[in-house]
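Please take a look at the protein shown here. The report below walks through a few of its features.

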Amino acid sequence: ASGNRYVVDLPAHACSCPDASIRGETCKHLRRVAIEITRHEVPPPGKRAGQCAACGHDRFVPEDGPDLCDDCRFEPGDIARDRETGDRVVVVEATDAPADAWVVEGTDTTVADYETNAGYPPDDPVVRVVYPFSGDRRRFADLKRYAFPHSRLAATDEQYVV
């Protein structure tokens, strides 16, 4: 209202206004930024406005890493379905590495160039998974890890709990 400009650092809970710096209280500027983030009017720290590479919607995506919204990004423990085989897999790691830069263990082939991944974007981020439902009775931690392009996996509403 005064025409002055202040810098709000939400993660540090700091504002450059006199009210915050002198009194050490949460000022109206910090509260306003928090409200706008909660209403999804501005991106939270670490995010920027952009188009999700998976769903195509305008969302907040990470400042660094693949342009995936929170709804499309896989997290460890998520159960996904392999679009090629229909198998259910459990995500153990969602990486930022593109499929055309990730070499499949034991081969000289990248995830993007692997024969069953033809047609998926070469710059898709790699997602590492295991097959705990295959009848293999080894401990979860001992199951072999496989690398897939993100878009080869379809999200489900299921979570795997160890």
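## Two histidines in loops

H40 lies in the loop between α2 (28–38) and β3 (47–51). Helices (H or I, at least four residues) and strands (E, at least two) are DSSP runs, numbered from the N terminus. This is a predicted model: local features need pLDDT of at least 70, side-chain atom pairs count only at pLDDT 80 or more, and totals for chains, interfaces and linings use all residues. Residues are numbered from 1 along each chain as its sequence is written, and side-chain values use heavy atoms, with hydrogens and water left out.

H40 has a phi near 60°, a positive value in a residue other than glycine. H13 also has a positive phi, near 55°. Most residues other than glycine have a negative phi. H13 sits in the loop between β1 (8–9) and β2 (14–15).

How open are these residues? Buried means under 20% relative accessible area, exposed over 50%, and partly exposed in between (1.4 Å probe, protein chains only). H40 has 62% relative accessibility, so H40 counts as exposed. H13 has 48%, so H13 counts as partly exposed.

## The chain as a whole

The protein chain has 2 helices and 9 strands. From the N terminus on, the order is β-β-α-α-β-β-β-β-β-β-β. The radius of gyration of the protein chain is 21 Å, well over the 15 Å that the globule rule gives for 162 residues, so the chain is more spread out than a compact globule. That radius is taken over C-alpha atoms, and the globule rule is 2.2 Å times the number of residues to the power 0.38. Along the principal axes, the C-alpha atoms fill a box of roughly 65 × 35 × 25 Å. Buried residues make up 31% of the 162 residues.

## A buried aspartate

D82 is placed in strand β5 (residues 78–82). Is D82 buried or exposed? Its relative accessibility is 1%, so D82 counts as buried. Leaving aside neighbours within four places in sequence, D82 is in contact (heavy atoms within 4.5 Å) with D87, Y131, F148, R152 and L153.

## Aromatic pairs

A search of the whole structure finds 3 aromatic pairs. Rings of Phe, Tyr and Trp (its six-membered ring) pair if their centres lie within 6.5 Å; planes under 30 degrees apart count as stacked, over 60 as edge-to-face and the rest as tilted. Two of the pairs are set out here.

| Pair | Type | Centre to centre | Angle between planes |
|---|---|---|---|
| Y131 and Y146 | edge-to-face | 5.3 Å | 85° |
| F140 and Y160 | stacked | 5.0 Å | 20° |

Y131 lies in the loop between β7 (125–130) and β8 (146–149), and Y146 lies in strand β8, so their pair ties together parts that are 15 residues apart in sequence. Y131 has 19% relative accessibility, so Y131 counts as buried. Y146 has 34%, so Y146 counts as partly exposed.

The pair of F140 and Y160 links distant parts of the chain. F140 is in the loop between β7 and β8, while Y160 is in the segment after β9 (153–159), 20 residues apart. Y160 has 27% relative accessibility, so Y160 counts as partly exposed. Which residues form one aromatic cluster? They are F133, F140 and Y160.
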